Amino acid sequence: MTLDRLHAARAVAGELGIDLLVLTPGADLRYLCGYAAHAMERLTALAVPRRGEPFLVVPRLEAPMVDAGPAGTLGLEVLAWDETDDAFAVLAGASVSRLGAAPARVAVGSRTWAEHALGVQRALPGAALELASPVVDRLRMVKTPAEVEELARAGAAIDRVHARMGEWLTVGRTEAEVGADVAAAILAEGHVAVDFTIVGSGPNGASPHHELSDRVVEAGDLVVVDIGGETSTGYRSDCTRTYVVGGRPDAEVAEWYAVLHAAQQAATAAVRPGVPAEEIDAAARSVITGAGWGGYFIHRTGHGIGLDSHEAPYIVAGNGLPLEPGMAFSVEPGIYLPGRHGARIEDIVVCTDDGVRVLNNGPRELVELPG
Ligand code: ZN
Ligand code: ZN
């Protein structure tokens, strides 16, 4: 960890005319200064004024954790506040003294808790608050080679979980039972936390964000399994495969699944520098729409991934952002037939200097499990 990211954030904020960035626990804080703090009601904040050095405001009881972690090696000033102090006044006072005046534009993290954003507003009543995403997203979106390797490590770990799915996903078990085993495997295969386990069997597969239920898996069910977790360095995995358990897909399923597979391949193949994000969505959608299933593809094609499992860039119509080498995101078209079943194929991909690198490499065909 170095001060480079903080200084880059300060430079971008300056370019955009933002006087002060205030970032609270979450991916922005971890990205910029290496501090993986947990969010709670006591204020922890990284302040990046456009002039002077950034500093951390932390509850006194957590100051030892800052010193012990990567942020402790940066030489950042740490302002520890006591339980009866006004932490927002501490933040405001140190910011004004660095800036030489009260800030006019203050940008807060997009996932900063409202009580903290409003506390900043109260302590700096003359400031206009806005989101820090134009600053931090610009930096976080483009991964360094080391970050790409962390995402590749996460991807390989989740691939190993999918490869073992036949151990748990069997006829007669509930989605919840399957999900509990899958969650344990996500940890066993190299993650420190489970972000989500979606096991959508039969009709539940038609609800893209269905998680788990007590529905019992039946012979011949299609089952959408979308799983992801967090590795020790904070980088995320996210991969979907669709299984058919204890039976074979019927002709209609085989037909539309082939369309879905072709759409996922077309979108992946379209990834290269300079292509607008929305064109990746269009590449998948045009295949599915062209085959007559467009009404059943009810979500965007993908989302960025890094220290958050959903972050910029979003792969969606209307996002004209040109792809750059280092951008990492999901390609995850789906087809969902309400009341019947659904399927999704999801890989994490990275835009390279001349094309694409795919970080999930398990089979994308309908995976037949014996049940
Ligand atoms: Zn997913
Ligand atoms: Zn996803």
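The C-alpha centres of domain 1 and domain 2 lie 35 Å apart. Domain 1 covers residues 4–140 and domain 2 covers residues 145–369; these bounds come from an automatic or database domain assignment. The contact takes 7 residues from domain 1 and 12 residues from domain 2, where contact means heavy atoms within 4.5 Å.

This is a predicted model, in which local features need pLDDT of at least 70, side-chain atom pairs count only at pLDDT 80 or more, and totals for chains, interfaces and linings use all residues. Residues are numbered from 1 along each chain as its sequence is written, chains are lettered from A and ligands numbered from 1 in the order in which they are written, and side-chain values use heavy atoms, with hydrogens and water left out.

Stay with the two domains. About 730 Å² is buried between domain 1 and domain 2. Buried area is the accessible area (1.4 Å probe) that two parts lose on being put together, summed over both. Carbon and sulfur atoms give 36% of the area between the domains. On the domain 1 side, R30, R111 and R140 lose the most area to domain 2. Together these residues account for 64% of what that side buries.

Charged pairs come next. A salt bridge is a side-chain nitrogen of Lys or Arg within 4 Å of a carboxyl oxygen of Asp or Glu. The rule finds 5 salt bridges across the interface of domain 1 and domain 2. R30 forms a salt bridge with E230, and their closest N and O atoms are 3.3 Å apart.

The structure as a whole holds 31 salt bridges. D28 and R140 meet in one of them, at 2.4 Å from N to O. D28 sits in helix α2 (residues 27–33) and R140 in helix α6 (residues 133–141), so this pair links parts of the chain 112 residues apart. Helices (H or I, at least four residues) and strands (E, at least two) are DSSP runs, numbered from the N terminus. Both D28 and R140 are buried. Buried means under 20% relative accessible area, exposed means over 50%, and partly exposed lies in between (1.4 Å probe, protein chains only).

Now take E130 and R105. Their salt bridge has its closest N and O atoms 2.7 Å apart. E130 belongs to strand β6 (residues 128–131) and R105 to strand β5 (residues 105–108), 25 residues apart. E130 is partly exposed, with a relative accessible area of 24%. R105 also counts as partly exposed, at 29% relative accessibility.

E368 and R248 form another salt bridge, at 3.0 Å from N to O. E368 lies in strand β17 (residues 367–369), while R248 lies in the loop between β9 (239–245) and α9 (251–269). The two are 120 residues apart. E368 counts as partly exposed at 39% relative accessibility, whereas R248 counts as exposed at 66%. Salt bridges that share partners also build a network: D28, R111, R140, K143, D308 and E311 are joined into one.

Turn to the metals. The zinc ion (ligand 1) is coordinated by two OD atoms of D226, an OD atom of D238 and an OE atom of E346, at 2.0 to 2.4 Å. Donors are N, O and S atoms within 2.8 Å of the metal (3.2 Å for Na, K and Ca); water is not among the atoms, so sites may look incomplete. The donor residues of the zinc ion (ligand 1) are spaced D-x11-D-x107-E. The angles among its 4 donor atoms run from 57 to 146°, and the site is irregular. Four donors count as tetrahedral if all angles lie between 85 and 135 degrees; four count as square planar and six as octahedral if opposite donors are over 155 degrees apart and all others between 65 and 115; anything else is irregular.

D226 lies in strand β8 (residues 222–230) and E346 in the loop between β14 (341–344) and β15 (347–351). Both D226 and E346 are buried.

What coordinates both zinc ions? D238 does, and the ions are 3.0 Å apart. The protein donors of the zinc ion (ligand 2) are D238 (OD), H303 (NE2), E332 (OE) and E346 (OE), lying 2.0 to 2.2 Å from it. Their spacing in sequence is D-x64-H-x28-E-x13-E. The 4 donor atoms subtend angles of 81 to 162°, so this arrangement is irregular.

H303 lies in strand β10 (residues 302–304) and E332 in the loop between β12 (328–331) and β13 (334–337), so the pair ties together parts that are 29 residues apart in sequence. Both H303 and E332 are buried.
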